[in-house]
Amino acid sequence: MVLVSGKELLTLAKEHKFAIPAYNCGSGQLLNATVKACEATNTPFIIAIHPDELSFLTDSFIAQCLAEAHKTKVPVAIHLDHGGSYEQVIHAIQLGFTSVMIDKSLAPYEENVAITQKVVEAAHAVGVSVEAELGTIGNTGNNVEGGVEEGVYTDPAVAKDFVLRTGCDSLAVGIGTSHGLYPKHIKPKLRIDILDELTEAVDIPLVLHGGSGNPDEEVTQAVEHGISKVNISSDIKIVFADKLREELNDGNNEKREPNVLFPAPMSETEKVVHAKNKLFKAENKAHLYFQF
């Protein structure tokens with residue numbers, strides 16, 4: 001069993017200057033492809049499940065995630081992505097999640113502080129780590145994570161106050177990303193200068209949401225400047241869906257068995273996972289977690 005908390009994963013990532021990949025595994029096929037790819041290169045990773053994904057998959061899917069975590073040989077956390085309420089977070093903890101996110105970034109600041117404090121108190125009591133969000137992530141359209149039309153940059157001074165008051169273990173920050181893939185006419189741009197100020201202001205790991213579609217060199221720069229976790233959702237789902245469409249539209253109307261339809265899309269997902277693990281410098285980092 002190598003099931004760990006998010007804090008355990010991110011603390012060493014921050015220390016050794018790489019980023020833990022968090023993959024939104026919205027189906028059993030995405031889960032299995034992600035696990036296979038990460039195990040192949042000894043990459044510690046996070047299985048991320050959004051409340052909308054959990055609602056679709058039902059609670060029993062977490063038993064599958066736990067089973068995979070128990071048998072894998074790399075450190076892995078199971079993380080609630082963008083928990084929208086205290087009740088959602090508590091439900092996730094009861095299911096066996098080892099990491100939870102409470103996202104009240106769109107609420108008034110004091111409300112965000114208050115509910116994050118409440119989540120931290122409950123989660124820490126049972127050894128579960130907490131990610132919060134300050135500033136907002138943009139939203140390019142069709143995705144489960146949500147967001148606002150235009151992101152709001154995280155204020156470093158406010159971030160310092162927030163972390164001191166809430167005791168959260170990691171912080172998702174707004175530095176110019178959006179959930180989903182960007183339209184072709186929009187060129188995303190990360191504010192590394194703001195990230196530098198944030199790493200000076202707080203001493204906990206920082207998280208990058210909405211990194212799909214940003215140029216690789218920008219993501220690499222973000223990791224070098226202090227990002228310790230990067231969420232990946234659209235990138236693995238787009239290639240899976242595209243390949244599945246090919247399989248369904250190849251003229252063979254008798255093709256119906258899941259074990260015939262899904263292997264090729266899963267293989268495409270694995271390729272993206274390998275590329276992201278390498279980009280985040282997370283490959284072959286599992287050994288760091290077994291030295292103590």
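Biologist: In this predicted model, what makes glutamate 254 and arginine 256 a salt bridge?

Modeller: Their side chains meet at 2.9 Å, N to O. The cut-off is within 4 Å, so the pair counts as a salt bridge.

Biologist: Why are glutamate 254 and arginine 256 called exposed?

Modeller: Exposed means over 50% relative accessible area. Glutamate 254 has 55%. Arginine 256 has 53%.

Biologist: What about glutamate 247 and lysine 255: buried or exposed?

Modeller: Buried means under 20%. Glutamate 247 is at 15% relative accessibility, so glutamate 247 counts as buried. Lysine 255 is at 17% and is buried too. Their side chains form a salt bridge, at 3.0 Å from N to O.

Biologist: Which parts does the salt bridge of lysine 276 and aspartate 235 tie together?

Modeller: The closest N and O atoms of the two residues are 3.0 Å apart. Lysine 276 lies in helix H12 (residues 263-279) and aspartate 235 in helix H10 (residues 234-248), so the bridge ties together parts 41 residues apart in sequence.

Biologist: Why do lysine 276 and aspartate 235 count as buried?

Modeller: The limit is under 20%. Lysine 276 has 11% relative accessibility, and aspartate 235 has 14%.

Biologist: How many salt bridges does the structure hold?

Modeller: It holds 16. Glu110, Asp161 and Arg165 are linked in a network of them.

Biologist: Why is aspartate 155 called partly exposed?

Modeller: Its relative accessible area is 39%. Aspartate 155 sits in the loop between strand E6 (138-139) and helix H7 (156-166). With Asp196, Glu197 and Glu200, Asp155 forms a negative surface patch.

Conventions:
Residues are numbered from 1 along each chain as its sequence is written. This is a predicted model: local features need pLDDT of at least 70, side-chain atom pairs count only at pLDDT 80 or more; totals for chains, interfaces and linings use all residues. Side-chain values use heavy atoms; hydrogens and water are left out. Patches are made of residues with over 30% relative accessible area and no salt bridge: like charges are joined within 9 Å, nonpolar side chains (Val, Leu, Ile, Met, Phe, Trp, Tyr) within 5 Å. Accessible areas come from the Shrake-Rupley method with a 1.4 Å probe; for residues, only the protein chains shown count as cover. Lys and Arg count as positive and Asp and Glu as negative; His and the chain ends are not counted. The place of a charge is taken as NZ of Lys, CZ of Arg, CG of Asp or CD of Glu. Helices (H or I, at least four residues) and strands (E, at least two) are DSSP runs, numbered from the N terminus. Buried means under 20% relative accessible area, exposed over 50%, partly exposed in between (1.4 Å probe, protein chains only).
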